[in-house]
Amino acid sequence: MKVAFKTYGCQMNVNDTETMAGLLIKAGHEIVENEEEANAVIVNTCAVREKAEKKLYGKLGRLKALKKKNRALIVGVAGCVAEKEKEKLLDRDEVNFVMGTRSIAKIAEFLERAAKGEKFLDMSDHLDKINWSTPRHHTSNHHAWVTIIYGCNKFCSYCIVPYTRGREKSRPMDDILKEVKILAEKGYREITYLGQNVDSYGKDRKDGSSLAALIRKTLEIPKIERIWYLTSYPKDFSDELIGVIASSDRVSRSIHLPVQSGSNKILKAMNRGYSKEEFLTLIERIRTEIPDASISTDIIVGFPGETEEDYLETKELIETVRFERVNLAMYSPREGTVSAKYFKDDVPHEIKVKRLNELLELQKRINREINEAYKSKELQVIVEDTLKDGKLYGRTINNKIVIFEGPKELIGEKLNVKIETVTAGPLYGSVITKELLTETE
């Protein structure tokens, strides 16, 4: 059977899709890009924002039209919206099955059941069947996503994830390391450890496992040249982890710490578990121990009860910390969360838009000022892929995007690039000759 995937949302969804695709290939199916030629389409969904959920329904509408041409087409829905909406999705004529975020190990069985005409819902938990030996259909030949912990226990008042992904469940450390060693033997040079709260890794196992311990063990695998980790939680970012990151230039200097607001009143309403002052102290500790760290964040504007004073505190926080990247979003109530149930969405839309745009402009200026310091410098990048115009792009160890000319054969290679032009976004440069690269390494 030919199977196509459409994936929305975070890197964990991407990794889940890679796992499902690998399992289907093992079962004898073929993964295709074109939905027109597919016998089955599986939509892996995201429910974090209302906009992401709306994308699913737009896609289902298009698949419904496609199903009129191909009545045998099987449509499956996976991911967070599947967990959130369940029967509502199954009631749709074009949907054959709906599966939970923890049942991806059974994807081959689900496809077989759907092919026999069964219409069903399955939210069972089979995460224990996902391990180092599970086949994955990776989308890159040099970088791999590795999920180390599922779920989240934080229950931030605005967030749907604990309800759609469940409670935290860590993989055994030796199981993760086996997977990484196999990836290294296959030629992978970079791995990213994933979790809704990656810093919570190991806490539920009570066996001494932690993200810091895992990274320390991963550093013993010499073929892995870069170790990334997503997404961190400010309250759980430990001094031990800071020390491990500082100990090796193979560990990413890109640290993503979602602060969400600069107002203590709003942070308390969000149930974030830390204050602005505690966050700033953490930033100071990181920059003292890791001077070249690149710190990014997420911020929500227009949370219920956010006054102009609260907003200005957030703006001041951005100006104080000078993040290298800020992911901005306007608050939208998610059905099933505490904030949607108990808080009035009382910040007018036009005020949300105004605040969002102001922060976008502020961050753009900060990005430009930070990037000016890179001009004429030589940066080491691992080449990721090509852009539409044929140019290559790569990333530095602190997650700066660098664009340059070069052949596709350089994808996956480590190069030194001299920066010639800077913008508020990517840096642009030229590859240093191989002879010079050899000398510098």
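Me: Leaving aside neighbours within four places in sequence, which residues is K418 in contact with?
Reply: Bear in mind that this is a predicted model. K418 is found in strand β18. Once the neighbours within four places in sequence are set aside, its contacts are S376, K377, E378, Y428, G429, S430 and I432.

Me: How far apart are the C-alpha atoms of K418 and Y428?
Reply: Y428 is one of the residues in contact with K418. Along the chain the two sit 10 residues apart, and their C-alpha atoms are separated by 8.3 Å.

Me: Is K418 buried, partly exposed or exposed?
Reply: Buried means under 20% relative accessible area and exposed means over 50%. K418 has a relative accessible area of 40%, so the label is partly exposed.

Me: How many bridges join β15 to β18, and which way do the strands run?
Reply: β15 covers residues 378-386 and β18 covers residues 414-422. The strands are joined by five bridges and run antiparallel.

Me: What is the bridge partner of D385 in β16?
Reply: β16 spans residues 392-395, and four bridges join it to β15 in an antiparallel arrangement. Within β16, the partner of D385 is Y393.

Me: Which residue in the turn between β15 and β16 has a positive phi?
Reply: β15 and β16 make a hairpin, with five residues between them. In that turn, a positive phi of about 90° belongs to G390.

Me: What is phi of F155, and where does F155 lie?
Reply: Most residues other than glycine have a negative phi. F155 has a positive one, and it isn't a glycine. At 27% relative accessibility, F155 counts as partly exposed. So, to give both parts: F155 is in the loop between β8 (149-150) and α6 (161-165), and its phi is near 55°.

Me: Is K206 buried or exposed?
Reply: K206 also has a positive phi, near 55°, in a residue other than glycine. It lies in the loop between β10 (190-194) and α8 (211-218). The relative accessible area of K206 is 75%, and the cut-off is over 50%, so K206 is exposed.

Me: What share of the residues counts as buried?
Reply: The C-alpha atoms fill a box of roughly 60 × 55 × 50 Å along the principal axes. The chain exposes about 19800 Å², with carbon and sulfur atoms supplying 49% of it. Of the 441 residues, the share that counts as buried is 54%.

Me: How far apart do the centres of the positive and negative side chains lie?
Reply: There are 72 positive and 69 negative side chains in the chain. The centres of those two sets lie 3 Å apart.

Technical notes:
Residues are numbered from 1 along each chain as its sequence is written. This is a predicted model: local features need pLDDT of at least 70, side-chain atom pairs count only at pLDDT 80 or more; totals for chains, interfaces and linings use all residues. Side-chain values use heavy atoms; hydrogens and water are left out. Buried means under 20% relative accessible area, exposed over 50%, partly exposed in between (1.4 Å probe, protein chains only). Accessible areas come from the Shrake-Rupley method with a 1.4 Å probe; for residues, only the protein chains shown count as cover. Lys and Arg count as positive and Asp and Glu as negative; His and the chain ends are not counted. The place of a charge is taken as NZ of Lys, CZ of Arg, CG of Asp or CD of Glu. Two strands pair if DSSP finds at least two bridges between them. Helices (H or I, at least four residues) and strands (E, at least two) are DSSP runs, numbered from the N terminus. Contact means heavy atoms within 4.5 Å.
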